[in-house]
Amino acid sequence: MPEDVQHQYHDHIQDHDDHDQDNHNHNHNLDLDRNKRERHSCTTGGAGGVTVTPTTQAELITYLSDSTARTIILTKIFDFTSYYGTTTGQACKPWTCTNGYTPQMTIDTGKGECDASLTLYSVTYYQSGHDYSLKVGSNKTILGQGSSAGIKGIGLEISGVSNVIVQNIQITDINAQYVWGGDAILITGSSKVWIDHNYIARVGRQFIVTGFDPATQVTISNNYFDGTTSYSASCNGQHYWFLLIAGKADTITVMNNHIYKTSGRGPHVGGISGYNQQIHLVNNYYDTVGGHAIDAAVSSHILVEGNYFVSLAFTLLIHQRSKLIEYTLRGPQKSVNTPDTGTSSGGLEYFVQTVSDATTCASYLGRYCEWNRFESSGTVASRLDTTVLSDLAQSAVKNLTPMGVADVPTYVVANAGVGKVN
């Protein structure tokens, strides 16, 4: 193997003189810029259309849903929490926490959400999120200004459309205490969708979900998914419902995201025989996942490369430096308990762990893959189905240059979320 490729998969960060480091940073930035240009050259959103700045919820609803190509600039948080009022229904308690955490309740809509053995309680929740979402038309860019713009209490529905960009906005606080309270973003029957540099937190169900109709040419990049919650189905203060990919022919890249304090569906892919989801997970930073991350069910085809599964101590070094010593003294902990659930559910994966795994990619993709790295996290059994490499041998995957896995935590923490682009 060439020396430069060996260096790419070396597990240690070496010191370089200032000249070499400057060249490394310059080339790294060029690779990232090239990746962005190539992956999003066909997704233009509202470019070429009119630019508008809504001031009311009603204006925002119209601008999002109509057939006019638009760039929609959000300059504030549009709060839809009580916009559609409240409703009273029934909910059950599938989980019981005995450690001081409060679990979510599950709204019962009569479709089997609550087992017959569970007691039903009368509850009141907001109709925004559960009954209503903001429908997005084709050829739209939704762009937040600064770091304090977005929508609250309701999610986006990207259904049966094409060419949509959602960038630099917050989506938060959608009936967080109730499963089925609402998703932050639904993508179904749509193509050329770019979800980039957003902050998503405190929702009732999925941060992002695809419906059964295909979601194609979708990129989910540079987002900060914050699973910190007061209502935890997993009884650990972490949100379980991160990302559910279920479409019959989904093609999705999940890249450079900060996945923080989630406990499941990171992502869950597939589940229906005869479907074919082609998913590329690359350079994501899994940070404090108290359950499982990747969950490949039947019909899924997933390439997993260059992701960093981090230890709790390292997480606190970044987020809570003052508490680093306190937690280090407790001894090592597995921050990502289960990076991958395994092969029992029938999904296909190529999960890169060794230099040999990485070099095999060259025969299919024309490039080397980047290995995944674990920092005091759970282990992953060998998952090296080369069918995945054959299926994902498309230009979007072949032409992408992943960053070295050692750079992922620093880069993602510095660049994911809102306030980084305008």
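In this predicted model, the side chains of Gln167 and Asp196 make a polar contact of 2.6 Å. Gln167 belongs to strand E11, which covers residues 162–167. With a relative accessible area of 13%, Gln167 is buried, because the cut-off for a buried residue is under 20%. Apart from its neighbours within four places in sequence, Gln167 is in contact with Ile142, Leu143, Gly144, Trp194, Asp196, His197, Asn198 and Val421.

A sheet comes next. Four strands make up an open sheet with mixed pairing, in the order E6-E4-E5-E13. The edges are held by strand E6 (121–126) and strand E13 (178–179); each has a single partner strand, so one side of each is left without a neighbour in the sheet. Strand E4, residues 86–92, runs antiparallel to E6, and six bridges join the two. Within this pairing, Gln90 is placed opposite Ser122 of E6.

A search of the whole structure finds 16 aromatic pairs. One of them is the pair of Tyr84 and Tyr132, which is stacked, with 3.9 Å from centre to centre and 5° between the planes. Tyr84 lies in the loop between strand E3 (77–79) and E4, while Tyr132 lies in the loop between helix H4 (127–130) and strand E7 (134–135), so the pair ties together parts that are 48 residues apart in sequence. Tyr84 is partly exposed, at 24% relative accessibility. Tyr132 is partly exposed too, with a relative accessible area of 35%. Both tyrosines belong to one aromatic cluster, formed by Phe80, Tyr83, Tyr84 and Tyr132.

Rings also take part in arrangements with charged residues. Lys93 lies over the face of Tyr121, 4.5 Å from the ring centre. At Trp180, the charged end of Arg205 sits over the ring, 4.1 Å from its centre.

Helix H3, residues 57–65, shows how buried residues can be arranged around an axis. Leu60, Tyr63 and Leu64 are buried in this helix. These residues cover an arc of only 95° around the axis, which puts them on the same side of H3.

The backbone has some features to look for in loops. Most residues other than glycine have a negative phi, and most peptide bonds are trans. The bond joining Gly266 and Pro267 is a cis peptide bond, with omega about 0°. Pro267 is in the loop between strand E22 (258–260) and strand E23 (268–269). Arg265 has its place in the loop between E22 and E23 as well, and its phi is near 50°, a positive value in a residue other than glycine. At 17% relative accessibility, Arg265 counts as buried.

Another positive phi is found at Asn283, with a value near 60°. Asn283 lies in the loop between strand E24 (277–282) and strand E25 (285–287). Is Asn283 buried or exposed? Its relative accessible area is 0%, so Asn283 is buried.

Definitions and conventions: Residues numbered from 1 in each chain as written. Predicted model: local features only at pLDDT ≥ 70, side-chain atom pairs only at ≥ 80, totals over all residues. Heavy atoms only, no water. Buried < 20%, exposed > 50% of the residue type's maximum accessible area, 1.4 Å probe, protein only. Polar contact = N/O pair within 3.5 Å; in protein donor to acceptor, adjacent residues only side chain to side chain. Contact = heavy atoms within 4.5 Å. Arc of directions from axis to C-beta. Pairing = 2+ DSSP bridges. Phe/Tyr/Trp six-rings, centres within 6.5 Å; stacked < 30°, edge-to-face > 60°. Lys NZ or Arg CZ within 6 Å of the ring centre and 35° of its normal.
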